[in-house]
Amino acid sequence: MKEITRIHIAKVAYDVELAAKKDLEAYLKTLEEYSNDTEIIEDIEIRITEILAERSIKKDDVITEVDVVALKRQLGEPREFMTDGDIVVGSEDETMITSNSVRKLYRNTDNALVGGVLSGMASFFKIDAVWTRLAFIVLLFASFGVAILVYIVLWIAVPPARTAADKLQMVGRAVTVGSIRELNENEAGRLTPRGDVATRRALAIVAGIICIIGATGAAMATAVMLIAVIFGSQHTI
Amino acid sequence: MMQQELTSEEYAEQVAVQLRKGFLAYCVLRVCSGLPVYTSDIIKRLSEAELVVVEGTIYPLLSRLQKDGLLAHEWQESEQGPPRKYYRITDFGIQVMSHVTKKIDTLNATLKKL
């Protein structure tokens with residue numbers, strides 16, 4: 001008996017074999033890497049439910065691996081149809097997937113020490129992550145640890161650069177089929193700025209350690225102060 | 001320069017891909033030039049007309065044609081399930097389509113002469 005779990009496709013709930021779910025989720029994730037146009041993804045998800053219905057799989061029925069294979073065959077590989085391939089209208093390689101090449105603030109999870117907030121901010125301000133990290137350490141002491149709260153808020157509020165489109169927008173590049181292909185072909189899958197990688201890495205790690213020590217120290221200092229204040233006020237009562 | 005050996009079929013397929021470029025967009029415009037059509041029915045019409053492409057192709061294409069103002073979509077209630085997206089051609093789309101029709105006629109005329 002194969003392990004069964006649940007999956008939602010276009011808001012329809014199905015039972016699904018574990019392996020089939022992984023396969024299907026990987027497929028949808030690849031689609032998202034090529035486009036952050038949620039409408040396309042939603043429409044394809046709707047189509048998936050229809051193809052399943054044609055295979056007599058309705059709501060709450062079980063999706064098997066065989067179904068997912070058939071599905072993928074019918075829809076095709078994202079690499080085939082999300083790039084130029086058959087669809088070219090307009091100019092070829094600069095087919096815009098999203099029209100804006102505006103720099104956006106994302107958390108850079110590829111170059112993160114903690115949550116990627118400072119690395120993402122560095123990309124946003126077009127500087128090296130070392131500088132935002134140093135600035136953060138200074139702020140950490142200057143603000144008696146309040147900066148750590150700001151960091152946590154940003155960690156929650158700022159989205160991670162997940163898709164290829166996000167990563168391109170993070171560094172202010174236009175999202176085109178060409179630039180996405182370039183990103184995907186880049187082995188590490190990230191847009192590394194120029195410079196000695198080893199040195200930068202070492203610097204980053206040192207900065208990160210200082211950061212963490214600083215943060216713990218500041219947090220402990222704040223905690224001690226808070227306790228002192230509470231105790232102090234209790235004594236005076 | 002040939003990077004690897006291609007069979008005649010593979011080579012022909014590459015040529016066909018080049019030929020289909022633009023042609024698919026034209027076919028979609030034609031399908032949408034009557035009553036508004038539901039996405040899956042567009043796929044059905046195309047496959048019935050034996051235009052062989054993977055289904056996924058249609059989605060970025062529809063999105064693109066819509067962004068360029070050749071198609072527009074509207075939502076229609078469906079008997080079962082949520083409302084569905086129906087596509088219809090715009091005035092601009094009709095103009096583009098008629099120009100492309102002329103160009104295809106020219107291409108056909110060329111073929112007949114050769």
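**Helix packing and the chain contact**

Guide: In this predicted model, α5(A) passes α6(A) in a right-handed crossing, the near helix being turned clockwise from the far one by less than a right angle. Local features need pLDDT of at least 70, and side-chain atom pairs count only at pLDDT 80 or more, whereas totals for chains, interfaces and linings use all residues. Residues are numbered from 1 along each chain, chains are lettered from A in the order in which they are written, and side-chain values use heavy atoms, without hydrogens and water.

Visitor: Why are α5(A) and α6(A) called oblique to each other?

Guide: Helix α5 (residues 117-124) and helix α6 (residues 129-142) of chain A pack at about 125°, with axes 8 Å apart. Angles under 35 degrees count as roughly parallel, over 145 as roughly antiparallel, 65 to 115 as roughly perpendicular and the rest as oblique. The two helices are therefore oblique.

Visitor: What makes Asp37(A) and Lys67(B) a salt bridge?

Guide: The closest N and O atoms of Asp37(A) and Lys67(B) are 3.4 Å apart. A salt bridge requires a side-chain nitrogen of Lys or Arg within 4 Å of a carboxyl oxygen of Asp or Glu, so the term applies. Four salt bridges are counted between chain A and chain B.

Visitor: How many residues does each chain give to the contact?

Guide: Chain A gives 26 residues and chain B gives 25, contact meaning heavy atoms within 4.5 Å.

Note on methods:
Axes fitted to C-alpha atoms, helices over the stretch in contact; angles between N-to-C directions. Helix = DSSP H or I, 4+ residues; strand = E, 2+ residues; numbered from the N terminus.
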